[in-house]
Amino acid sequence: MTAPATRRHFLQRAGAGFGTLALQSLLGGEGLLSARPPHVAPRAKAVIFLFMYGGPSHVDLFDPKPALTKWQGKPIPVWKTEDAFMGGKTKNVAMASPYRFAKHGQAGIDMAETFPQLARHADSLCVIRSMHAESNNHGPALFQMNTGFIQAGRPSMGSWVTYGLGSESANLPAFVVMLDHQGAPVNGALNWSNGFMPAAYQGVPFRGSGEPIAYLTPPKHIARDRQRARLDLLKRWNGEFAAAHPAESDLAARIESYELAFRMQMSATECTDLSREPEAVRRRYGLDEKVTSHFGRNCLLARRLVERGVRFVQLYSGGNEGPRAWDAHDDLKKNHDLHCAETDGPIAALLDDLKASGLLDTTLVVWGGEFGRSPVAENGKGRDHHPKGFTMWLAGGGIRGGLIHGATDEFGYAAVDRPVSVPDLHATLLHQLGLDHEALTYRHSGRDFRLTDVSGRVLTEILA
Amino acid sequence: MSGAFHRLTLAAALSLGAGLSSWGEEALPPKVARLFTKAESHWAYQPLADAPLPELTAAAESSVRDGIDRFILARLAAAGLSLSPEADRATYIRRVTLDLTGLPPSPEEVAAFVADPSDRAHERLVDRLLASPHYGERWGRHWLDLARYADSSGFHNDLDRPHAWKYRDYVIRSFNEDKPYGRFVAEQLAGDEVEGASEETLIATGFCRNGPSNDDNMGKTPAALAQYRADQLDDVISTASTVFLGVTIGCARCHDHKTDAFTARDYYSLLAIFNGTQKYGLVPGTEDAKGKKVPTDRAVQIQALVETSPQVPPTQVMRRGLASELGEEVPPAVPAVLARTVAPAPAFPAPAADAKTSGRRLALARWIASPDNALAWRVLANRVWQHHFGTGLVATPGDFGFTGEEPTHPELLDHLARHLVENGGRLKSLHKRIVLSATYRQSSAHREAAAAVDPANALLWRMNLRRMEAEVIRDGILAASGKLNRQPGGPGIKPRLRPDLIPASQRNKWPAIAQENDSHWRRSVYIYAKRQLLMPMLELFDAPTTTDSCAARAESVVPTQALVLMNDEFVEEQAGYLARRAVAEAGDDPERAVRRLLALALSAEPAGDRVDEARRFVEARTAETGDRLAALTDLAHVVYNSSDFLYIR
């Protein structure tokens with residue numbers, strides 16, 4: 001990490017975004033997290049990224065391919081041996097989808113029967129059927145979707161957004177990550193890493209049960225009044241130390257950081273306390289049903305976090321790997337039955353609430369995984385990793401709903417019509433938040449880095 | 001797997017024809033040619049200046065303790081400034097002890113130094129610290145940041161690297177031995193080629209193996225493996241070039257460097273130097289070249305990068321960095337612009353008939369550390385200065401190129417670099433000069449008038465106030481509580497994490513520990529660096545993420561730091577131990593226990609009303625709860641969280 005040599009140096013070099021130091025909130029000290037003006041008028045204030053880790057199958061969920069039924073059991077002409085990640089287990093034999101599709105909403109958006117509840121939001125979704133990514137391997141593909149690069153070490157999109165816009169919340173982190181009940185995806189915390197940026201920009205894992213943020217609460221025997229007594233003396237001493245070193249703004253920021261931490265103990269706990277949510281809400285998010293309780297809780301939390309000014313919330317469905325994620329190598333139907341059931345109701349409930357409160361207008365919801373799945377069969381009834389064409393959908397945040405954008409070929413093998421790269425998606429996401437992906441740069445190791453590196457195009461045709 | 005790599009690259013090279021048209025220097029594209037011209041006058045590429053020590057006015061003259069001070073004083077005088085007065089002895093000994101060993105001095109060491117009437121007291125102190133084995137643990141840690149050291153592979157499986165710690169211990173030993181820099185460079189880049197190659201020097205090549213890797217999960221096709229090998233070599237040469245030369249040649253992998261005079265051809269010529277290497281020492285659990293899982297007992301007990309043949313496969317430019325898009329063949333070479341401006345290019349002759357390796361990496365290492373290579377010595381001298389003062393004379397220590405910062409004191413930088421060259425590349429004598437200088441010995445106190453002229457303290461009119469680095473905080477807490485276990489070396493330790501953090505990394509899992517003990521209370525440099533799950537206490541205080549070389553840590557302030565220091569069981573428990581220690585050493589008298597506690601944490605009793613305030617706090621808490629030890633624990637906890645403890649004055 002060559003930048004920043006010092007905070008001061010960092011600020012000197014960080015460019016225009018930091019011209020407004022006078023406005024710095026006390027949150028991050030030196031204004032690392034102070035709210036900053038966007039480059040262009042924003043359409044969205046927050047992002048909820050529903051990360052379907054493992055690779056949900058586009059041809060079984062949003063991109064119906066009758067040709068796969070027609071060619072069932074036969075080789076398809078487009079498939080190449082080297083497309084298989086799993087080597088010999090994946091054979092060039094087309095596999096028909098086990099699911100029935102129907103058209104939903106006025107726009108007639110195709111959706112599989114696995115999404116009975118999401119279907120009612122069809123006219124809010126912009127379904128991009130022409131996504132493509134660079135790696136057919138979870139680790140690098142996760143890195144690309146999260147950081148724009150298939151190698152480790154780059155800042156994640158939530159870090160870029162926080163770096164670009166600062167934090168809107170005085171009591172909560174700006175970038176929050178919530179994991180599946182199965183645990184973290186591969187790459188672990190590197191998926192929400194600040195990379196070469198300061199740690200202030202990393203995603204803060206937020207747990208749906210127990211302690212929401214690591215080290216949020218003191219050991220059990222330390223009562224709140226005892227902690228307060230300590231903090232009162234600490235505040236006095238740190239104040240004296242800061243007064244003796246008036247040039248060091250860090251010292252004042254430290255004092256405030258303790259007060260914020262103290263408040264965060266209340267506010268984060270308050271935010272995760274769902275006991276006061278009405279019974280009807282708990283039911284809609286499926287909190288009391290085993291299959292939906294975890295993801296439902298995270299969706300409800302995501303809503304509450306966004307309501308409280310959190311900028312970027314990433315929710316993972318699927319953890320660990322294999323069948324515990326959307327990684328349906330062996331039995332696609334069994335896998336997707338489960339993961340769709342876990343997520344369908346909660347996502348629909350989240351969209352319901354965001355619509356009802358009007359927050360969907362300023363909240364960009366993104367759904368998708370790191371890649372899609374092969375049109376040909378693995379082990380007879382599973383599907384292999386496949387990055388050459390897959391589906392993601394966007395909703396809210398100034399995106400046109402009831403739209404299908406782009407297409408794969410007749411087998412769902414490759415994006416052929418209006419292909420959308422991961423950098424295109426990132427550029428669009430930043431644009432909706434008011435950030436110009438070409439202007440949002442960070443100097444490291446002798447060059448200016450971008451989330452979108454040297455490419456990326458804002459998908460103006462899907463903007464409302 | 002390395003054997004498979006070897007064959008692969010050859011096959012790839014033979015089957016794919018050259019594509020990029022070749023161009024010699026005379027045919028440089030105009031943009032590159034302009035950058036080459038610019039390089040000829042670039043400050044970092046000039047020979048080391050031998051400027052006479054600046055003349056000073058009589059007033060300034062009286063402040064001088066070392067030639068170093070003359071360079072600082074001359075710049076200060078020109079700005080109408082002067083050095084601050086010398087820090088008091090208690091402040092100085094805490095500063096220099098933390099700086100050279102990463103551990104605080106004991107109150108007894110402080111008292112003895114303060115009372116030492118000798119005018120050589122400072123020098124004797126510094127000699128003792130430089131001879132301490134803790135010096136290597138402290139300064140070796142700085143090197144481990146550069147070497148992106150970790151104990152796991154990162155990526156998908158975050159595999160254990162059971163022998164990585166041997167490199168960490170090698171680095172610590174090398175600093176303690178005051179190893180000549182040239183030898184240190186050669187061992188790390190070419191430990192299999194150096195004179196007297198041994199297990200120790202092979203371990204040193206762990207430098208080239210520390211980066212993240214994905215050996216067991218990078219796909220199985222030849223194309224994927226060829227690309228993976230290219231990516232792994234990229235990690236080596238990008239790291240080595242920024243660490244040893246302060247150049248960012250990694251940027252030239254896909255295209256000619258946009259802002260520096262490095263071409264893609266330079267990049268691949270550097271790659272050619274490493275292109276005969278293979279990974280040596282397999283990781284248990286991964287697959288070898290034949291696709292068999294490596295059992296633990298068959299794995300070589302070190303992690304190295306070596307050549308096993310003098311023949312190196314041909315190296316070709318890869319367009320856009322893609323192993324599948326090969327261009328012209330390139331010979332091994334150091335970057336052309338550096339050969340032209342910095343030091344004459346080394347020869348890479350065909351290996352002798354009886355050679356065991358190509359000798360290319362050794363030639364590179366010798367070129368880097370040759371007395372002529374002003375760039376490399378400047379980079380090193382700057383790193384030494386940076387860690388003593390918080391900021392280098394060049395504020396971008398990993399980038400001495402056109403877009404890096406220029407030195408604030410170019411003549412001083414050259415003066416320091418010359419000192420290193422003249423002293424065989426040993427660091428300790430330079431440390432000694434710096435920490436005994438008047439510049440280093442000044443107070444860090446604020447001066448309004450000077451701050452008005454130079455608010456950033458770029459001219460060093462005072463010592464910089466610095467926050468302890470992550471490891472120093474944890475080690476300092478343990479040193480004060482008396483629980484620090486000073487045992488050096490060996491496999492990484494895994495202290496307690498809150499159990500709900502552990503699922504954040506599913507592979508190579510961190511153990512759940514109910515209670516920490518002596519075995520966990522070792523210095524933080526010995527903590528197992530797991531890429532997918534760094535210790536929050538270290539990570540939040542800006543310890544490097546280990547994915548690439550870290551030349552300068554940030555010094556951030558975030559609320560999650562406060563959470564961890566406020567709430568971590570470690571801090572709570574150690575505060576309890578510090579309270580008990582204070583009582584045990586001071587006896588039952590309440591005020592003496594308070595005084596002892598403060599002295600143990602801060603190395604000396606604080607001035608002013610702090611003691612009184614602390615005593616009143618403990619009395620009030622005791623009155624409230626009836627538990628004096630708990631009240632002292634509260635005090636200890638406050639001190640551990642205080643800026644007085646965490647900032648080095």
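How many residues of domain 1 of chain A are in contact with how many residues of domain 2 of chain A? The views below treat this and other details of a predicted model, in which local features need pLDDT of at least 70 and side-chain atom pairs count only at pLDDT 80 or more, while totals for chains, interfaces and linings use all residues. Residues are numbered from 1 along each chain as its sequence is written, and chains are lettered from A and ligands numbered from 1 in the order in which they are written.

**View 1. The contact between the two domains of chain A.** Domain 1 covers 7–206 + 278–462 and domain 2 covers 211–273, with bounds from an automatic or database domain assignment. Their C-alpha centres lie 34 Å apart. In answer to the opening question, 13 residues of domain 1 are in contact with 16 residues of domain 2, where contact requires C-beta atoms, placed from the backbone, within 7 Å. On the domain 1 side, β7 (204–205) and α9 (290–307) of chain A each supply at least two residues; helices (H or I, at least four residues) and strands (E, at least two) are DSSP runs, numbered from the N terminus. The most comes from α9(A), with 3 residues. By class, this side has 8 nonpolar, 2 polar and 3 charged residues. Ala, Val, Leu, Ile, Met, Phe, Trp, Tyr, Cys and Pro count as nonpolar, Asp, Glu, Lys and Arg as charged, and the others, Gly among them, as polar.

**View 2. The side of chain B that touches chain A.** Chain B brings 78 residues to the contact and chain A brings 68 residues. Among the elements of chain B that each supply at least two residues are α12 (222–245), α23 (559–567) and α26 (610–625). The largest share, 8 residues, comes from α23(B). The side of chain B divides into 30 nonpolar, 30 polar and 18 charged residues.

**View 3. Helix α11 of chain A and its cover.** All 11 of the 11 residues of α11(A) (422–432) are buried, that is, 20 or more other C-beta atoms lie within 10 Å of their own. The cover of these residues includes β1 (46–52), α4 (138–147) and β9 (363–368) of chain A. Just after the helix, A:Gly434 takes a positive phi of about 95°.

**View 4. B:Leu597 in the largest nonpolar core.** A nonpolar core is a set of buried Ala, Val, Leu, Ile, Met, Phe, Trp, Tyr and Cys residues joined through C-beta atoms within 7 Å. Of its 318 residues, B:Leu597, B:Ala601 and B:Leu635 touch the most other members. Not counting residues up to four places away in sequence, B:Leu597 touches residues including B:Leu578, B:Leu632 and B:Ala636.

Methods: Buried ≥ 20, exposed ≤ 12 C-beta atoms within 10 Å, placed from the backbone.
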